[in-house]
Amino acid sequence: MHIGAHISSAGGIHKVFERAEAIGAEAIQIFPSAPQQWKAPVISDDQAQLFRDGLAESAKPAFFHGVYLVNLASPDEALVERSVTSLTQYLDWAGKLGVRGVIFHAGSHLGRGWDGECAAQVSGLMRRALDAAPNDALLVIENNAGQGNCIGATFGEIGEMIRGLKNDPRVAVCLDTCHALAMGYDIVTAKGCDAAMKEFDKEIGLERLVAVHANDSKMPLGGTRDRHENIGDGHIGLDGFATIMRHKAFRDVPFLLEVPGFDGKGPDIENIMRLKAIRAGVGLAAPHFESKERE
Ligand SMILES: [Zn+2]
Ligand SMILES: [Zn+2]
């Protein structure tokens, strides 16, 4: 099991490997462009080559996180067009750079309801993004905390999106532990975690789980708000993460931290160490490249 983190790509995506190494991250997630803007990624040939070299050398699983403005469920046509364009650009770059996929938030239906028209729209738009970037990069739907009118909080809704894409093999899922707990999935107890992952398997299929956002939660079970906490300091806790890691559904899935950090600067070495200690405690192996470094 790889334990990694969201890593700043300030100054260029080729700089992320050094930063990942500095905190002991074994997998990385990055924004290839500013996540609050629609601007397409600007990556020079040199940067792209450095990134590919860095990725090959480090052998770390890598993902992009999509722009926060993306909303595939909006009734606003201009907004959904920009969303498709943004996802297409990200998928295209992921393919060129050897990044596994683009993790994104599907959006909010803004009160009109999910069923029927909205569900068909979301699947149709994802279809367009995939077709416009014909490569191996995955389009990875992230579950959310069930806040407001956000779509994709339940495994059932995510499953529906995937069925709307005729089970395209390029569609995958990232499970955010904080969002799942806030949505009411009791993943911190062995029984609750098993029930949740059985539901995931039935609605989505465990083979589509390609990443975990490993975040503790400031909100309790069912709090339906998205508030990340450092590992061990929230309602999931160290024991909760041990329960999650022990479950077979997560065995080969990279864990990516998106926590506030103990000094408020994002994922840090302490959060990584906490997850690695739990990994060792439940008897899971570190990825091979790490043990090699220690020899
Ligand atoms: Zn997340
Ligand atoms: Zn979140």
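A: Start with one pair of helices. This is a predicted model. In it, helix 5 (residues 155-164) packs with helix 7 at an angle of about 20°. Their axes are 9 Å apart. Angles under 35 degrees count as roughly parallel, so helix 5 and helix 7 are roughly parallel to each other. The crossing of helix 5 past helix 7 is right-handed. Which residues of the two helices make the contact? Helix 5 brings Phe155, Gly156, Ile158 and Gly159. Helix 7 brings Glu199, Phe200 and Glu203. By class, the contact of helix 5 with helix 7 has three nonpolar, two polar and two charged residues.

Now look at what follows helix 5. Asn167 sits in the loop between helix 5 and strand 6 (171-176). Its phi is near 55°, which is a positive value in a residue other than glycine. Is Asn167 buried or exposed? Count the other C-beta atoms within 10 Å of Asn167: there are 11. A residue with 12 or fewer is exposed, so Asn167 is exposed.

Compare Leu110, in another loop. Leu110 lies between strand 4 (101-104) and helix 4. Phi of Leu110 is also near 55°, again positive in a residue other than glycine. Leu110 has 15 C-beta neighbours inside 10 Å, so it counts as partly exposed.

Helix 7 has another partner. The buried residues of helix 8 pack against helix 6 (177-183), helix 7 (190-203) and helix 9. Those buried residues are Gly240, Phe241, Thr243, Ile244 and Met245.

Follow helix 8 to helix 9 next. The axes of helix 8 (residues 237-246) and helix 9 (residues 269-281) come within 9 Å. They cross at roughly 55°. That angle makes helix 8 oblique to helix 9. Helix 8 passes helix 9 in a right-handed crossing. On the helix 8 side, the contact is made by Leu238, Phe241, Ala242 and Met245. On the helix 9 side, it is made by Arg274, Leu275, Ile278, Arg279 and Gly281. These residues of the contact of helix 8 with helix 9 divide into six nonpolar, one polar and two charged. An α-helix has 3.6 residues a turn, so residues three or four places apart point the same way.

Ala214 is found in strand 7 (residues 209-214). Leaving aside neighbours within four places in sequence, Ala214 is in contact with Thr177, Phe255, Leu256, Leu257 and Leu275. With 32 C-beta neighbours inside 10 Å, Ala214 counts as buried. Pro169 is 45 residues from Ala214 in sequence, and the two are 24 Å apart in space, C-alpha to C-alpha.

Return to helix 6, which holds Met183. Is Met183 buried or exposed? A residue is buried if 20 or more other C-beta atoms lie within 10 Å of its own. Met183 has 26 such neighbours, so it counts as buried. Leaving aside neighbours within four places in sequence, Met183 is in contact with Asn143, Ala145, Gly146, Ala153, Thr154 and Thr224. Take Asn143 from that list. Met183 and Asn143 are 40 residues apart in sequence, yet 9.1 Å apart in space, C-alpha to C-alpha.

Now step to the largest nonpolar core. There are 92 residues in it. Which of them touch the most other members? They are Val102, Leu139 and Val140. Helix 3 (residues 77-97) gives the largest share of this core, seven residues. Beyond its neighbours within four places in sequence, Val140 is in contact with Phe63, Gly101, Val102, Ile103, Phe104, Ala172, Val173, Cys174, Val210 and Ala211.

Finish with helix 3 and its packing. Helix 3 and helix 4 (residues 117-132) pack at an angle of about 35°. Their axes are 8 Å apart. This crossing is right-handed. From helix 3, the contact uses Val80, Ser83, Val84, Leu87, Thr88 and Leu91. From helix 4, it uses Leu125, Arg128, Ala129 and Ala132. The contact of helix 3 with helix 4 divides into seven nonpolar, two polar and one charged residues.

Technical notes:
Residues are numbered from 1 along each chain as its sequence is written. Chains are lettered from A and ligands numbered from 1 in the order in which they are written. This is a predicted model: local features need pLDDT of at least 70, side-chain atom pairs count only at pLDDT 80 or more; totals for chains, interfaces and linings use all residues. Axes are lines fitted to C-alpha atoms, for helices over the stretch in contact, and angles run from 0 to 180 degrees between N-to-C directions. Helices (H or I, at least four residues) and strands (E, at least two) are DSSP runs, numbered from the N terminus. Angles under 35 degrees count as roughly parallel, over 145 as roughly antiparallel, 65 to 115 as roughly perpendicular and the rest as oblique. A crossing is left-handed if the near helix is turned anticlockwise from the far one by less than a right angle, and right-handed if clockwise. Two residues are in contact if their C-beta atoms, placed from the backbone, lie within 7 Å. Ala, Val, Leu, Ile, Met, Phe, Trp, Tyr, Cys and Pro count as nonpolar, Asp, Glu, Lys and Arg as charged, and the others, Gly among them, as polar. A nonpolar core is a set of buried Ala, Val, Leu, Ile, Met, Phe, Trp, Tyr and Cys residues joined through C-beta atoms within 7 Å.
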